[in-house]
Amino acid sequence: MANQLQLKSLNHISLVCRSLTESLHFYQNVLGFIPIRRPGSFQFQGAWLFNYNIGIHLLQSEDPESLPNTRQINPKDNHISFQCESMAAVENKLKEMEIEYVKARVEEGGIEVDQIFFHDPDGFMIEICNCDNLSVVFVAGEALRMCSAISCSVQPKLAVNANSSQSTMLILQESYSDPTASFIVYAPVDIMSMNVVINGGDPDNVALLPSGFAILPDGSPVQSHEPGSKPTSAGFNKNFRIKNLNK
């Protein structure tokens, strides 16, 4: 599935609140968000905050009494989730601030993920977890991810093994153009190898068989890059690259 809307990242979450003052206190002093400038052209009360590469936009309700009452904490409710460095520190801090919470634990393949759930002043649920303990495993046949941060794209490809069951292969791809030609380099990578690299494994242990092609001006012979030009490359990070095929 292509990125039809050319999305780049999550920008902000907007929340309607009963009391702007109470919500500001919560998101600043409990979750650590920092107030930022809000456009003065708005004709309604609100506040913008930012941290952890996302924004929280608070909107003062015009009819606070119409907002639903706070419900019992239910981990299956709508919520936003934050990863943390220490679950114990989070729990101790919530106890100190006398904020009610519930705990849960997810186990998968011998890996444990701890979760803490609690409400903001308006009953919107917050989760704190160590979810990064659990590897990201892409689902076969779905769009996987665009590696904009490392200048490459990863696309899905279905392969059939000897037992006729489906497994996922990823296509790592990069392109480069200079005055002499345009080059495209790509290499298949199996999903398990991708997960190894994403989770901090040694990329040198991942076998790559790159291939590619060049698009040349009419009548131009195939030739190497001119001295000083940048080679075509693609990879997971600066230590793991597919060098250009042009020799």
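Tutor: Phe-26 and Tyr-27 are both buried (under 20% relative accessible area; exposed is over 50%, partly exposed in between; 1.4 Å probe, protein chains only). This is a predicted model: local features need pLDDT of at least 70, side-chain atom pairs count only at pLDDT 80 or more, and totals for chains, interfaces and linings use all residues. Residues are numbered from 1 along each chain as its sequence is written, and side-chain values use heavy atoms, without hydrogens and water.

Start with the rings. The whole structure contains eight aromatic pairs (Phe, Tyr and Trp rings, six-membered for Trp, with centres within 6.5 Å). In one of them, the ring centres of Phe-26 and Tyr-27 lie 5.0 Å apart. Their planes meet at 80 degrees, so this pair is edge-to-face (over 60 degrees; under 30 is stacked, the rest tilted). Phe-26 and Tyr-27 also belong to one aromatic cluster with Phe-33, Tyr-52, Phe-82 and Phe-118.

Follow Phe-118 next. Beyond its neighbours within four places in sequence, Phe-118 contacts residues including Phe-26, Val-30, Leu-31, Leu-94 and Ile-126 (heavy atoms within 4.5 Å). Glu-100 and Tyr-101 are also among its contacts.

Now the core. The largest nonpolar core has 25 residues (buried Ala, Val, Leu, Ile, Met, Phe, Trp, Tyr and Cys joined through side-chain atoms within 4.5 Å). Tyr-27 and Phe-118 are among the residues with the most contacts inside it, along with Leu-31, Ile-56, Ile-126 and Ile-128. Two or more residues of this core come from each of E1, helix H1 (20-29), E3, E4, E5, H2, E7 and E8 (DSSP runs numbered from the N terminus: helices H or I, at least four residues; strands E, at least two). In soluble globular proteins, nonpolar side chains tend to be buried together.

One is open, with four strands in the order E1-E4-E3-E2 and mixed pairing (strands pair if DSSP finds at least two bridges between them). Strands E1 (12-17) and E2 (34-36) form its edges, each pairing on one side only. Neighbouring strands are turned by 30 degrees on average, direction ignored. Within this sheet, E3 (residues 46-51) and E4 (residues 54-60) run antiparallel, joined by six bridges. Ala-47 has Leu-58 of E4 as its bridge partner.

The other open sheet has four strands in the order E5-E8-E7-E6, again with mixed pairing. E5 (79-83) and E6 (102-108) are its edges; each has a single partner strand, so one side of each lacks a neighbour in the sheet. Its twist averages 25 degrees from one strand to the next. Helix H2 (residues 87-96) packs on this sheet and touches E6, E7 (111-119) and E8. The direction of H2 makes about 20 degrees with that of E7 (axes are lines fitted to C-alpha atoms, for helices over the stretch in contact; angles run from 0 to 180 degrees between N-to-C directions). E5 and E8 (residues 125-129) run parallel, with five bridges between them. There, Gln-83 stands opposite Cys-129 in E8.

The structure holds one disulfide (cysteine sulfur atoms within 2.5 Å). It joins Cys-129 to Cys-131, with S to S at 2.2 Å. The S-S torsion is about -130 degrees, so the disulfide is left-handed. Cys-84 is in no disulfide; its nearest cysteine sulfur, that of Cys-129, is 7.1 Å away.
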